[in-house]
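Please examine the sequence and the structure shown here.

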Amino acid sequence: MADEHNPLDHVIDHPTLEIPFLGELDLPVLFGIQVTRFMVMEAVAALLMLAIFIPLARHAARQKVTRGRLLNVFEAILVFIRDKVARPAIGHHHADQFLPYLWTVFFFVLICNLLGMIPGGASATGNINVTATLALMTLGAVVVAGVKEMGPAGFLKNLVPHMDVPWIMKPFLWPLMFVIEVAGLLIRHVVLSVRLFANMLAGHIVLAVILGFTLTVSEAALYIKGPVIAASVGGVVLLSLLELFVAFLQAYIFTFLSALFIGAAVHSH
Amino acid sequence: MLRRKLSAFGPLMTTLITLTAIWIGGHVSAVAAPPFEDTAQADATHEGEPHGDTHAASEGEINILAAESSLAIYTVIVFFLLLVLLYRFAWGPISKALEDREQSLESAFREAENARAEAAALLEQHRKQMEQVQDQVRQIMDEANRKAETAYQERLSQARSDAEATVERATREISAAKDQAVAELYERSADLAVTVAGQVLRREISGDEHRRLIEVASQELQSVGPNGRGGLS
């Protein structure tokens, strides 16, 4: 058991669901597609969001003042994203159009991140397929925002910043800049997906490695494995707190960068 | 603003179309879902040979960049459903409620400010009115005092003049009574003198002489008058 332990095993997708103290539950194959742990986690995240925000909306629509600690926490985050992320980055008018997307993406990423912190859970955002899909959606939002604001040609033209060069150089420079800017646009979104994926993956690998020390020393003498286990458990506790912070930070960064990219698309340089 | 569905769902449509195009255009199992993933994968993995849908735990070799198109498609569907449901049942009402609340707070603050200013103005007006009323009261009191003073003085002087007149009249009456008394006294004393003189002279003076003497004496007495001025002596 100790020899077979591989830290990466904790961060990849599995066709099973781990239930604390009970063991592994095999997930079924539906319509020819194997249901995996991350799929379940995404569904859990989605259901949690529905369970949180629909009552919050009912409450907010019914009462003028939001009461209750839990509702206020979520409402404060919503207002924060609206006033401190979306509106400064996109601008008041356009921000409200993309606010539903930003709200959804923030909480989806946040809850997916946090699900990795509970026993039996896993971070679906630690998988490149998930983050790449989310980044692709942001790219879609950027394209839609830009095309809606300036038309398809205007959007492409707007990619290239204004160049203060003699007119004779423009025909040479402009296509070059255009290629660079289009590549930049794509790279920005690749990086957006890789940043979230790598952060979540790395955090969980580190936790798994440090916890793995306990397995490595499990057959050693007590005076060896005692301190090692104590140190590794203590380290995991501290790093879990860091990981908790990273979960919020990465959700914020993903949302903030999405808002910035959308904002850049709707404003001319 | 939230009614413009195109903006919110545009990204999803784009993503879905992209993913479907990739799916149709290539090897469903082998190609990474997003187009840029291939490059990322080629750079980062040693083998450069992506396995689709690998659950590599059982095979010993784990590829963290393995493409799982089913997971990617599933993510899009979950996210899309989530966005639709939340958009319909949560974000719209929350957004509206937040804005309503902001507006009601703003108007409440504005109303409170107006009411405060109005109250201050009313207080100032009230204070001015109070000052005016106090001035008026003071004027009225002053005037009343002045009137009372004059009335008092008038009464006093009248009483004084009345008293003086009374005194004068009394003095006059007293002096008149005195004059009368003095006149009577003269008359009686003349009679008495005549009687006394008559008795003294009865033997020496005849009756005619007697009468003549009396007449002379009474004429002299009358010429002197009751006050005794002029001289009999």
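## Chain A

A residue counts as buried under 20% relative accessible area, as exposed over 50%, and as partly exposed in between (1.4 Å probe, protein chains only). Of the 269 residues in chain A, 47% are buried. The model is a predicted one, in which local features need pLDDT of at least 70, side-chain atom pairs count only at pLDDT 80 or more, and totals for chains, interfaces and linings use all residues. Residues are numbered from 1 along each chain as its sequence is written, chains are lettered from A and ligands numbered from 1 in the order in which they are written, and side-chain values use heavy atoms, with hydrogens and water left out.

Chain A contains 6 helices and 4 strands; helices (H or I, at least four residues) and strands (E, at least two) are DSSP runs, numbered from the N terminus. Their order along the sequence is β-β-β-β-α-α-α-α-α-α.

## The interface with chain B

Contact here means heavy atoms within 4.5 Å. By that rule, 58 residues of chain A are in contact with 52 residues of chain B.

## Salt bridges across the interface

A salt bridge requires a side-chain nitrogen of Lys or Arg within 4 Å of a carboxyl oxygen of Asp or Glu. The rule finds 3 salt bridges between chain A and chain B. In a salt bridge, the side chain of B:Arg101 meets that of A:Glu75 (2.5 Å, N to O).
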